[in-house]
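We will walk through it one region at a time.

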Amino acid sequence: MRIAITGATGNMGREVMKQIISLEAAEEIRCLSRSAKNIDKLCKELKKHLKKTKKDLSFVNKITRLTGSLSNPEICEKLIDGVDYVLAIGAVIPPQADQNPDSAIDCNERGTDALVSAIESKEHQPKLLHVSTMALYGNRNSRHPWGRVGDPLLISPFDVYAATKMRGEFRVMNSGVKSWAVIRQSAMLHDNMLSGNISDGLMFHTCFNAPLEWVTAHDSGVLVRRILERDIAGELDETNFWKKCFNIGGGAVNRIIGYDTLNDGFKMIGGTAKNFFKPNYDATRNFHGLWFTDGYELDKLFGYIEQDTTAYWKHIAKLHPVYGMGKIVPKTLIAKLVIKPLLKNYNAPAYWAKHGDEARLTAYFGGRDKYEALPEKWGDFPLLSEGRDEWGQPIDYEKLRTTPTEIDYGFDFSKEDKDIDIADLRSVAEAHGGKLLSEEFVKGDMHAPVKWQTQDGEEFTASPYSVLRAGHWYNISYREYAWDFDRLAKKDKLYAQIWYDSHEKNEDVFYGLDEKFNAYMRESK
């Protein structure tokens with residue numbers, strides 16, 4: 001068995017490599033990276049891992065190195081030629097995607113297209129495991145903190161990462177690849193999480209009340225290994241895995257909110273989030289995160305969840321003992337030296353306010369007036385985990401965490417795929433404010449190309465699976481770096497259910513990025 005992998009040197013990719021390097025069935029693991037040095041570093045890390053786990057160090061000899069861009073068709077051809085599986089893990093994520101949007105477009109969108117095209121061209125195609133992201137669901141709050149594959153995809157304005165991943169996923173689902181599976185990664189805890197988030201204002205994008213279902217990079221690696229093991233054993237097919245989309249959940253123990261995540265991290269240095277943050281530091285909307293009603297599905301199939309957030313933070317404290325020194329340093333000094341300087345970063349709300357970035361202030365807060373009205377004292381800021389919802393009303397947080405919220409999908413979502421008929425397709429199209437243009441549909445043929453029309457009269461082709469089961473519906477964000485959900489939600493019943501949880505119905509803003517990726521907004525037309 002030969003495996004090709006993109007993103008092997010990334011946070012999830014390294015854990016996947018640790019898991020699959022010792023697979024006896026794996027004769028070759030072909031790794032693509034832009035940097036030869038990163039692959040060298042990966043090989044050294046893998047040798048340490050193999051030595052620690054008392055496995056044969058020669059397993060590293062399975063690795064074949066390729067360097068170059070995923071968007072290069074020739075590189076993709078070399079990567080997949082003769083392999084049995086393609087693990088598409090590579091992605092440019094925030095804050096890199098914010099700092100260099102072109103690199104995100106090149107990897108996440110053009111790279112996925114080139115990879116899929118290469119697979120489509122093969123007579124004997126490898127199977128494709130495509131890692132997507134829960135960022136596609138967009139912002140959630142206490143009104144609908146729960147969601148599942150099939151929920152409408154409402155990527156947050158100015159999120160180039162989410163836009164490119166959405167387009168890439170859509171390409172996979174509607175491709176000629178015979179065997180694919182999409183797994184949407186949840187919020188992921190990894191070894192470099194702290195160092196990666198204290199150098200950019202991105203940390204202030206996390207809403208304090210955002211629902212987050214964490215999973216560790218280690219568990220994600222275990223998941224991928226077990227997918228390969230079970231497929232090699234002939235236990236996976238289109239009835240239970242292939243040509244389907246899943247959320248990588250972390251389980252009930254890993255469902256918390258943004259504030260609690262920060263709090264858990266600061267416990268390592270003997271403090272709390274309130275010692276280092278003020279409630280007006282972070283965005284109040286336009287983030288991404290939710291708890292999964294269907295997160296159990298992958299774990300039921302593969303039993304990969306082994307770690308929780310508590311174990312993760314203990315691991316980080318052991319891995320980076322220097323953080324423990326923070327216990328003897330005054331909290332005010334740490335806040336002054338580490339947190340407050342980031343308020344001046346280009347990606348921080350305080351920077352936007354100072355430099356007149358009204359577009360981002362509107363997207364992330366609802367406007368400058370709402371940003372400036374945020375309290376500076378924690379006693380005046382409602383937190384879900386302290387029993388108050390975002391509007392200051394009493395709420396049972398434990399009940400919220402254990403009782404899934406539901407939405408209307410425009411058809412009976414509990415139907416099995418084999419029972420989906422043309423009436424279901426029409427119903428979903430109408431709920432989106434559009435139409436089903438195809439006049440014929442073979443009952444249950446969820447991957448057939450079907451023609452649809454949006455509420456704006458645009459025609460597009462997409463499988464019933466991608467629309468009904470995976471939440472895709474064509475809009476301007478699929479072709480431009482623009483977001484028009486204020487207008488679309490007025491006629492789209494599926495969008496409206498989620499969009500108006502954090503937006504007013506009288507908001508009428510069109511958000512966009514110009515050719516230099518500068519943010520702008522105007523009245524929606």
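Axes are lines fitted to C-alpha atoms, for helices over the stretch in contact, and angles run from 0 to 180 degrees between N-to-C directions. Helices (H or I, at least four residues) and strands (E, at least two) are DSSP runs, numbered from the N terminus. Please keep in mind that this is a predicted model, where local features need pLDDT of at least 70, side-chain atom pairs count only at pLDDT 80 or more, and totals for chains, interfaces and linings use all residues. Residues are numbered from 1 along each chain as its sequence is written, and side-chain values use heavy atoms, with hydrogens and water left out.

Let us begin with a pair of helices. Two packed helices are described by the angle between their axes and the distance between the axes. For helix 5 (residues 101-120) and helix 6 (residues 160-173), that angle is about 5 degrees and the axes are 9 Å apart. The two helices are therefore roughly parallel to each other. Contact here means heavy atoms within 4.5 Å. On the helix 5 side, the residues that meet helix 6 include Ile 105, Asn 108, Thr 112 and Val 116, and their partners in helix 6 include Tyr 161, Thr 164, Gly 168 and Val 172. Sorted by class, this contact has seven nonpolar, five polar and six charged residues. In that sorting, Ala, Val, Leu, Ile, Met, Phe, Trp, Tyr, Cys and Pro count as nonpolar, Asp, Glu, Lys and Arg as charged, and the others, Gly among them, as polar.

Next, turn to helix 12 (residues 309-319), where Thr 309, Tyr 312, Trp 313 and Ile 316 are buried. Buried means under 20% relative accessible area, exposed over 50%, and partly exposed in between (1.4 Å probe, protein chains only). Seen down the axis of helix 12, the buried residues fall within an arc of 95 degrees, so they line one face of the helix. The arc is that of the directions from the helix axis to the C-beta atoms. An α-helix has 3.6 residues a turn, so residues three or four places apart point the same way. On the other side of helix 12, Lys 314 and Lys 318 are exposed. At the start of this helix, a side-chain oxygen of Asp 308 comes within 3.2 Å of the backbone nitrogen of Thr 310. Such a polar contact is a pair of N or O atoms within 3.5 Å; within protein, one must be able to donate a hydrogen and the other to accept it, and residues adjacent in sequence count only if both atoms are side-chain atoms.

Helix 18 (residues 422-431) also has an aspartate at its start: a side-chain oxygen of Asp 421 reaches to within 3.1 Å of the backbone nitrogen of Ala 423. Which residues of helix 18 are buried? They are Ile 422, Asp 424, Leu 425, Val 428, Ala 429 and Ala 431. These buried residues pack against strand 13 (435-436), strand 14 (450-453), helix 19 and helix 21 (493-499). After the helix comes Gly 433, with a positive phi near 85 degrees. Lys 435 lies in strand 13, and its contacts, leaving aside neighbours within four places in sequence, are Ala 429, Trp 452, Gln 453 and Trp 473.

The loops deserve a visit too. Asn 475 sits in the loop between helix 19 (464-469) and strand 16 (482-483), and it is buried, with a relative accessible area of 4%. Its side chain reaches the backbone nitrogen of Ser 477 at 2.8 Å. Not counting residues up to four places away in sequence, Asn 475 touches Phe 485, Leu 488 and Tyr 495.

The loop between helix 2 (36-52) and strand 3 (63-67) holds Lys 54, whose phi is near 60 degrees, a positive value in a residue other than glycine. Lys 54 is exposed, with a relative accessible area of 78%. Val 60 has its place in the loop between helix 2 and strand 3, and counts as buried at 7% relative accessibility.

Finally, look for the cis peptide bond that joins Pro 94 and Pro 95, with omega about 5 degrees. Pro 95 lies in the loop between strand 4 (85-88) and helix 4 (96-99).

Conventions. Parallel < 35°, antiparallel > 145°, perpendicular 65-115°, else oblique.
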